[in-house]
Amino acid sequence: MKRTAVPLATAALLLPLAACGTSAQAGTGSTITVTVGYQSKTINTVTAGTLLRSLGYFEQQLGALHDGHTYKVVWQDYATGAPITAQMTAGKIDIGSMGDFPLLINAARGKQLGRPTHLVSVTGYNLRGGLNTIVTAPDSKLASLQDLKGRKVSTSVGSAADGTLVRALQRAGIDPDKGIEKLNQQPAVGASALDAGSADALSQFVAWPGLLAYQGKAKALYDGAQLDLPTFHGVTAREDFAKQRPAVLEAFLKAQAQATDYLNAHPVAAAEKVAKATGLPAEVVYLYNGAHGISTFDPAVKPQLVSALKQDVSVLKSEKLTGDIDVDSFVDDQYAKKALGSAYTKDLAATPPPAASEVWPKGAETTRTFDSPDELLKYVAQHRSDVRAAYVPDATTGTLWFAASAVWVLDGSRLLPFVAPATAQAYVAAHPGARTISYADALGRAS
């Protein structure tokens, strides 16, 4: 079942924020404050952030401790992981969630400043890397990574999306430092730059690529799953907090597991809750967090994710963002194992469900799943005015994408969707007679 930076020397990492709450260690009398840093719009962390907060499970778990203390939870929302790390190393955030590359910077910065942190659980992950996407403007003539040579590409340096960009360029034989002009920008700034034409492409993490595609403001150039390397988001906790308040951390992890179960049992309702809290379209949230979404959710720190984290270190070192990082000492799932018991062992062995085509009918509280993209197209063609959103998995990577934004290939009588034009062209080149067609043409052939 599916459960599914900036350079370290940058002074901004060290600036205290006026809104910061007090640490759990600073509880006064019988009241203990626990401060949680999260990224509401980085929707692959919702089980440790946005969704968890809206469900109130953490507060309920703390109330059930009955240890003589009163607990107050302070939720602090950020756009990226860097400020969360800054506040953790200042002792002002106890628990935080962020992507894999920011997690490594979190580990490095914590050790450097004598405030060690640990990866204690995982939120959303994709075993092939589909959480990050490189997009271009809708009318862009760029069709492959090779076309990025000498172009301006926006990304957030030190983020998982930056890691995808670096690796993708390296595989394409392009020097990530000299082959492009990299713009180090926050996701929203990069999206605006792409829209204004001051950036030729944007490499970002969820939910920005899907959001821009849904809004008709971008189209995919590169599917991160082409790397076939796991990418994930996770929960990090300060070591001193975990040792002083293990029951509180375990309560958080139990609450995260509850939120994960809720998301898996009620994916549409969960998408609506996250949409309401973030202002993101529910259709975009569902693309990533739905029943067959790009992300899989379960809290287990799987060996393949740890292995991927170790491989990520070299990318950060090449960009001079960190030195060596002892990943094994950073990973510490003892609290999750204790909190979740046998369920944790089960999650460790769990695998993502197979990708599937899916339609969200207007006014429906559930979605419809189809055995093939052809069947989905037939349904959409017959119910055009009644479809809220239609999703199809890439024929080669399995990455879910909006049917209307996919690149469609006609191969005989088969209609095949692809996230990016390069993968579609690769398929066409390997299958004589196959050709790309428009979405409108695909719908017409399916009706």
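Colleague: How are helices and strands set here, and what numbering do they carry?

Modeller: Helices (H or I, at least four residues) and strands (E, at least two) are DSSP runs, numbered from the N terminus. This is a predicted model, in which local features need pLDDT of at least 70 and side-chain atom pairs count only at pLDDT 80 or more, while totals for chains, interfaces and linings use all residues. Residues are numbered from 1 along each chain as its sequence is written, and side-chain values use heavy atoms, with hydrogens and water left out.

Colleague: With that in place, in which loop does Lys320 lie, and is it buried or exposed?

Modeller: Lys320 sits in the loop that runs between α12 (303-318) and α13 (327-330), and its phi is near 60°, a positive value in a residue other than glycine. The classes of accessibility are buried under 20% relative accessible area, exposed over 50%, and partly exposed in between (1.4 Å probe, protein chains only). Because the relative accessibility of Lys320 is 71%, this residue counts as exposed.

Colleague: What is the relative accessible area of Asp228?

Modeller: Asp228 has a positive phi near 55°, in a residue other than glycine, and its place is in the loop between β9 (219-223) and β10 (231-238). Asp228 is classed as partly exposed because its relative accessible area is 45%.

Colleague: Which residues does a cis peptide bond join?

Modeller: The bond in question has an omega of about 0°. Ala207, which takes part in it, belongs to the loop between β8 (201-205) and α7 (208-214).

Colleague: Why can α4 be called largely enclosed by the rest of the structure?

Modeller: Helix α4 takes in residues 100-112, and its buried residues include Phe101, Leu103, Leu104 and Ile105, as well as Asp100 and Arg109. The helix is largely enclosed by the rest of the structure because the residues of α4 that are buried number 11 of the 13.

Colleague: Which residue with a positive phi follows α4?

Modeller: The helix, which spans residues 100-112, is followed by a residue whose phi is positive, near 70°. That residue is Gly114.

Colleague: Which backbone oxygens does the side chain of His118 reach?

Modeller: His118 lies in strand β4 (residues 117-126), and it is classed as buried because its relative accessible area is 14%. Polar contacts are pairs of N or O atoms within 3.5 Å; within protein, one must be able to donate a hydrogen and the other to accept it, and residues adjacent in sequence count only if both atoms are side-chain atoms. For His118 the distances from its side chain are 3.0 Å and 3.1 Å, and the backbone oxygens belong respectively to Ser329 and Phe330.

Colleague: With the side chain of which residue does the side chain of Arg238 make a polar contact?

Modeller: Arg238 has its place in strand β10, and it counts as buried because its relative accessibility is 1%. Its side chain reaches the backbone oxygen of Ile93 at 2.9 Å. The side-chain partner of Arg238, at 2.9 Å, is Asp240.

Colleague: Which residues of its lining are closest to the centre of the largest pocket?

Modeller: The largest pocket is lined by 18 residues, of which 2 are charged (Asp, Glu, Lys and Arg count as such). Closest to its centre are Asn126, Ile294, Pro352, Pro353 and Gly398.

Colleague: Which element gives the largest share of the lining of the second largest cavity?

Modeller: The second largest cavity holds about 110 Å³ and is lined by 16 residues, with Thr164, Arg167, Leu229, Pro230 and Thr231 nearest its centre. Two or more lining residues come from each of α4, α5 (160-171) and α12. The largest share, 4 residues, is that of α5.

Colleague: How far apart in space are Gly179 and Ala242?

Modeller: Gly179 is in the loop between α5 and β7 (181-184), and it counts as buried because its relative accessible area is 17%. In sequence Gly179 and Ala242 are 63 residues apart, and in space, C-alpha to C-alpha, their separation is 44 Å.

Conventions
On a 1 Å grid over the protein atoms alone, a cavity is a set of points where a 1.4 Å probe fits but cannot get out, and a pocket is an open set with protein on both sides within 12 Å along at least five of seven lines; lining residues have an atom within 4 Å of a point. The expected span of a helix is 1.5 Å times one less than its number of residues. Grid points are joined across faces, edges and corners, and a volume is the space filled by probe spheres set on the points.
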